[in-house]
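Please keep the model open as you read.

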Amino acid sequence: MAQQLIKVPPTKNTLLRLKKQVRFLEDGHDLLERKRELLTRLVYERIGEYRELRASAEEKLAQAYRCLSITHLRMGSRGVRQAALGAQPALKVDILPRRALGVEYPSVTSERIPLTPVGLMGTDASFDSSRDNLADAAVILARLAEVEIALHRLLEEQRKAQKRVNALKYNIIPRYRRTIHFIQSSLEEEERNTLFQVKLLRQKAEVR
């Protein structure tokens, strides 16, 4: 039991200070508990969004790679590489910081850019189709990357909040309460001893 108490002198000033501190810790516990609940809600929302985006990305990538394989068959690997050298970017991506409940993660905004022709010699219509499909897939992947990073960081923050809530609930606050109870018992025992001694002194004075 002694190891589970805070090492402080059992005085009234200490008792008042500990009571004030335990109220502060209880308020902190309530705030952390609310934060943990909000983080848990955000995590579940992100999980649903992540699953939908992942399924869409896998479907779009499969379609893009099927089209690209046809392009490779028609143009050959060398022809695809040469044509790609003259291709302009088909996607514009902006990344800005975003914050939710103290958790910072990147906000990714992607926008398609109209395709520009790369030349008619040695190219096939499937090349532009592959570029178009790959650009569409990249838009979904950019959004998926944002959600995945946000989900990872929200989960990490949710675990930290859970650990702090548990530490306050099962360790720190009970330790303060045990110490407060011990000091109260000590002060009450001291008061009883003082009253008993006063009573004895009065009885001796009356006898005299």
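## Ground rules

A contact, or touch, means heavy atoms within 4.5 Å. With that in hand, look at Leu 187, which touches Pro 10, Thr 11, Lys 12 and Leu 15, leaving aside residues up to four places away in sequence.

This is a predicted model, in which local features need pLDDT of at least 70 and side-chain atom pairs count only at pLDDT 80 or more, while totals for chains, interfaces and linings use all residues. Residues are numbered from 1 along each chain as its sequence is written, and side-chain values use heavy atoms, with hydrogens and water left out.

## Fold and outline

The chain has two helices and two strands, and these follow the pattern α-β-β-α along the sequence. Helices (H or I, at least four residues) and strands (E, at least two) are DSSP runs, numbered from the N terminus.

How does the radius of gyration compare with that of a compact globule of 208 residues? The chain has 35 Å, whereas such a globule would have a value near 17 Å. The radius is taken over C-alpha atoms, and the globule rule is 2.2 Å times the number of residues to the power 0.38. Along its principal axes, the C-alpha trace spans about 130 × 25 × 25 Å.

Among contacts in the chain with a separation of 6 or more, 77% come from residues 24 or more positions apart.

## Surface and charge

Of the 208 residues, 28% count as buried; buried means under 20% relative accessible area, exposed over 50%, and partly exposed in between (1.4 Å probe, protein chains only). The chain exposes about 14700 Å², with carbon and sulfur atoms supplying 55% of it. These areas come from the Shrake-Rupley method with a 1.4 Å probe.

There are 38 positive and 26 negative side chains, and the centres of the two sets lie 8 Å apart. Lys and Arg count as positive and Asp and Glu as negative, without His and the chain ends; each charge is placed at NZ of Lys, CZ of Arg, CG of Asp or CD of Glu.

## Helix α2

Leu 187 lies in helix α2 (residues 125-207). Is this residue buried or exposed? Leu 187 is buried because its relative accessible area is 16%.

In the model, residues 144-171 are 100% helix and 0% strand, and their end C-alpha atoms lie 39 Å apart.

## The strands and their loop

Leu 101 sits in the loop between β1 (91-100) and β2. Leu 101 has a positive phi of about 55 degrees although it is not a glycine, and it counts as partly exposed at 33% relative accessibility.

Arg 112 belongs to strand β2 (residues 103-112) and is partly exposed, with 27% relative accessibility. Beyond residues up to four places away in sequence, Arg 112 touches Ala 90, Leu 91, Asp 132, Ala 135, Asp 136 and Val 139.
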